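The sequence and coordinates follow.

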Amino acid sequence: MKSLLVVLALLCAQWVSAAIIEIDSLDWKLKKENDDIRVLTATVPESEHRAYLAVTVVDAHVDDLVAIIRNPQTCAQWVYRCGQSYRVSRETPNVDLVYTSSDMPFPVKDRDTLARITWNQDPETKVIHAVGVATRDILAPKDKHIRIEEATVIWELTPLDDGKTRVRTFGHADPGGELPTWLTNQLSTEVPVKTLNGLKKLVASNRF
């Protein structure tokens with residue numbers, strides 16, 4: 001796969017720090033192949049939690065996928081275990097602050113996060129990247145949820161000549177609290193597969 005270099009801008013007050021993640025430099029192992037969705041996992045330096053990378057092709061124009069992914073109100077329609085999602089603010093034309101809660105299986109406590117999501121498009125290739133990074137100390141935590149404060153989610157949307165879109169989605173997070181190993185391993189493959197299938201079904205339904 002073509003090397004993907006993503007610069008994550010982490011904004012804090014008037015200071016900007018950058019963390020560079022070379023996704024394709026990780027040692028990815030194929031974990032699951034479901035129809036036309038491939039899910040790979042990899043260890044991440046200085047983290048006990050594995051990252052996932054899911055790849056597929058969606059029969060939709062890239063603009064339609066942006067319309068869905070950037071609209072938090074559609075979250076519960078296609079994102080696996082999405083309980084609630086809404087835009088807290090639009091900081092700039094290409095940066096959103098988005099709150100999302102995730103429904104976890106009993107007896108695990110539900111999680112939530114407040115992410116700063118930055119959208120960019122390469123002017124030459126037209127490839128679109130959406131980079132979401134969890135924030136801290138902006139929105140007060142909720143009693144019924146464990147706040148995830150360390151997480152990165154990346155969407156890469158590549159327009160194809162036939163009008164379809166190649167989608168790659170990367171995720172890595174510290175879920176906070178204690179989660180059984182079987183659950184974290186299950187979610188690392190279950191979440192991307194069911195989320196991408198949900199995206200395809202929503203696109204096919206034209207209800208967005």
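Which residue in strand 8 is the bridge partner of Asp96? In this predicted model, the partner of Asp96 is Ile117. That bridge belongs to the pairing of strand 7 (residues 95-102) with strand 8 (residues 110-121).

**Strand 8 and its pairings**

Strand 8 also pairs with strand 9 and is joined to strand 10 by bridges. The pairings are listed below.

| Strand pair | Residues of the partner of strand 8 | Sense | Bridges |
|---|---|---|---|
| strand 7 and strand 8 | 95-102 | antiparallel | 8 bridges |
| strand 8 and strand 9 | 128-134 | antiparallel | 7 bridges |
| strand 8 and strand 10 | 145-147 | parallel | 3 bridges |

Arg116 stands opposite Val133 of strand 9, while Asp112 has Arg147 of strand 10 as its bridge partner. Strand 8 and strand 9 form a hairpin, with 6 residues between the two strands. Within that turn, Lys126 has a positive phi of about 70 degrees.

**Helix 1**

Helix 1 spans residues 62-69, and its buried residues are Val62, Leu65, Val66, Ile68 and Ile69. These residues lie on the same side of helix 1 because they cover an arc of only 165 degrees around the axis.

**Disulfide**

A search of the whole structure finds 1 disulfide. The bond joins Cys75 to Cys82, with an S to S distance of 2.1 Å. The link of Cys75 and Cys82 is right-handed, with 125 degrees about the S-S bond. Are these cysteines buried or exposed? Both Cys75 and Cys82 are buried.

Note on methods
Residues numbered from 1 in each chain as written. Predicted model: local features only at pLDDT ≥ 70, side-chain atom pairs only at ≥ 80, totals over all residues. Heavy atoms only, no water. Disulfide = S-S within 2.5 Å. Buried < 20%, exposed > 50% of the residue type's maximum accessible area, 1.4 Å probe, protein only. Helix = DSSP H or I, 4+ residues; strand = E, 2+ residues; numbered from the N terminus. Arc of directions from axis to C-beta. Pairing = 2+ DSSP bridges.
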